[in-house]
Amino acid sequence: MSLNEDRSKLSEVEHIKEKSKYLEGTIPDSLRDEVTGNLFSQDQQLIKFHGSYVQSDRELDKERKAQKLEPLYSFMIRVRVPGGVASPAQWIALDDIATKYGMPSLKLTTRQAFELHNILKHDLKQTIREINDSLLSTIAACGDVNRNVMNTVNPYTSAIHDDVQAVAQAVSDHLNPRTTSYFKIWLNDELVAGQSDDEEIDEPIYGKTYLPRKFKITFAIPPYNDTDVFAHDVGVIAIEENGKLAGFNFSVGGGMGMTFGDDNTYPRLGNVIGYAPVEKAVDVCEKILTIQRDYGNRENRKLSRFKYTIDMVGLDFVKDELNRRLGYDLEPARPYVFTTNGDSYGWVKGKNGKWFNTLYIEGGRVKDSEKFQLRKGLRAIAEMLDGGDFRLTGNQNVVIGNVSDEQKPAVENLLELYGIEAHQQVSTLHQHSIACVALNLCPLANSEAERYLPSLIDKIYVLMNNHGIGSQPITIRMTGCPNGCGRPYLGEIGFVGRAPGKYNLYLGAAFNGDRMNVLYREALTEEEILNTLDPLIGSYASERSAGEFFGDYIVRKGVIKHQFSKADFHHI
């Protein structure tokens, strides 16, 4: 059964997908066209499935228009890293690619992927080819498919991390598109890593039109919610019993995006619907995805995420349909506790006897500066690291992982040599912050985020210090638009760009990520933001209960009114 039987009402993108020959479209012709740095309009949609978006330098648009030139088009390429774990060789390969073809930096995303920016069209094919040579891939990093599968990387959980990581990898592999167009276009019919030469050309799970919109699956290992498990279409919560991975609780229907002025759109957190043992996890994820495939809105892309499907057909319907497709009922959810959705910084010895060092990466941007050489230092570590790994976190940071006792001193020396260690001494506000790319590269951005948030946090930190609580952690999230890539609605303090230099202010999320915030003030300038926060921080400093987090205090004092409606937390 489908809710999209009237084909005349389907969105334009649905028709593009259907006619694309399983995502090939006319991308080869677009790449050969030397008249423009862009692609044909239909291929701008299809290339997302291959892991890339068209961008331009918006700060040059006016100047180029005056010169009667088209915008300076380039491409963002996103690299899938299931569970966020990359080898030192892969880190080096991506660092090389950034130097040769794009902006000389690596962007670590909020979904544990790498992003490369400013790739020109004539370098696009070679860039993707070299990414695949490193045994990473860009397929399904964007588009109306299951995207990069996330997993907790916190080193304290290493006892079951490998088992959870194996399941996350299996889900990622199983839900990858099967189309051969990726190989034809980018690899000249060569096979991408992990694919076999006997796979069918069609899409046994997705079909010709794939999903109505993007789909995100995230694993988390309590007590750490560093992947913001409730913010995604499917959240998979690991349940440990007697020191072993027993199975998973599943939540459905999370999503952060909304549109200003459209009350039909809203952020939403997931509903926990039940439990299944480890061996059934891949099947459960597939069957949930197929419900969205069959019932999701294909007429209006603003209303096509799984959260809207659930609110349209009802959660009970989704649970019953899932059980029917599985052929068995999910068991009742098992107990779990989340304490934080942040990262734990510094050196920790994991339960496997290896060392893990979580580094704060401002805005997730790995680059060298006049202050210190972050990019060169991490590359030097990658070149000497034997048997270790690099783990991208959901908070845009990186863990130098699985370091032996013998190699730890050498890693420490390199961190000091390149000035990285000295620049880890930042406030807890900085450590618990996230910012999306926003201006100047994102075509949807209304305001700054990555380039602006650190300076704003510096000023909020002064307010905290003035009230004697400078060391108190508060989650702060900023995005340049309401689409929610930086999960701003899960910040105890959230900023969403409304216009250049103006932000909507949201307050009241939970420190552990299980409650969203609420809009408090609209279109504030920096001065207005600071004047608004100052008395709230002051009252929090003087009136808080022992161990009380800022978001909890805001709710307890009635500063914002939490209404647990469809636009708020759906936890059962």
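Ala, Val, Leu, Ile, Met, Phe, Trp, Tyr, Cys and Pro count here as nonpolar, Asp, Glu, Lys and Arg as charged, and the others, Gly among them, as polar. By this division, the lining of the largest cavity has six nonpolar, three polar and two charged residues. The model is predicted, so local features need pLDDT of at least 70 and side-chain atom pairs count only at pLDDT 80 or more, while totals for chains, interfaces and linings use all residues. Residues are numbered from 1 along each chain as its sequence is written, and side-chain values use heavy atoms, with hydrogens and water left out.

**Cavities and pocket**

- On a 1 Å grid over the protein atoms alone, a cavity is a set of points where a 1.4 Å probe fits but cannot get out, whereas a pocket is an open set with protein on both sides within 12 Å along at least five of seven lines; lining residues have an atom within 4 Å of a point.
- Grid points are joined across faces, edges and corners, and a volume is the space filled by probe spheres set on the points.
- Five cavities of 30 Å³ or more are counted, and the largest has a volume of about 60 Å³.
- The residues lining the largest cavity include Tyr360, Glu362, Gln396, Glu450 and Ile457.
- Two or more residues of that lining come from each of β15 (433–435) and α15, where helices (H or I, at least four residues) and strands (E, at least two) are DSSP runs numbered from the N terminus.
- The second largest pocket has a volume of about 680 Å³ and is lined by 24 residues, of which Glu362, Arg365, Lys367, Phe372 and Pro454 lie nearest its centre.
- Helix α15 (residues 453–466) gives the most to the lining of this second largest pocket, with three residues.
- The lining of the second largest pocket comprises ten nonpolar, seven polar and seven charged residues.

**Backbone features**

- Pro222 and Pro223 are joined by a cis peptide bond with omega of about 10°; Pro223 lies in the loop between β6 (217–220) and β7 (234–241).
- A cis peptide bond also joins Leu439 and Asn440, with omega of about 15°; Asn440 is in the loop between β15 and α15.
- Tyr22, although not a glycine, has a positive phi of about 55°, and is placed in the loop between α1 (12–18) and α2 (27–32).
- Ala140, also not a glycine, has a positive phi of about 65° and is found in the loop between α6 (121–133) and α7 (158–174).
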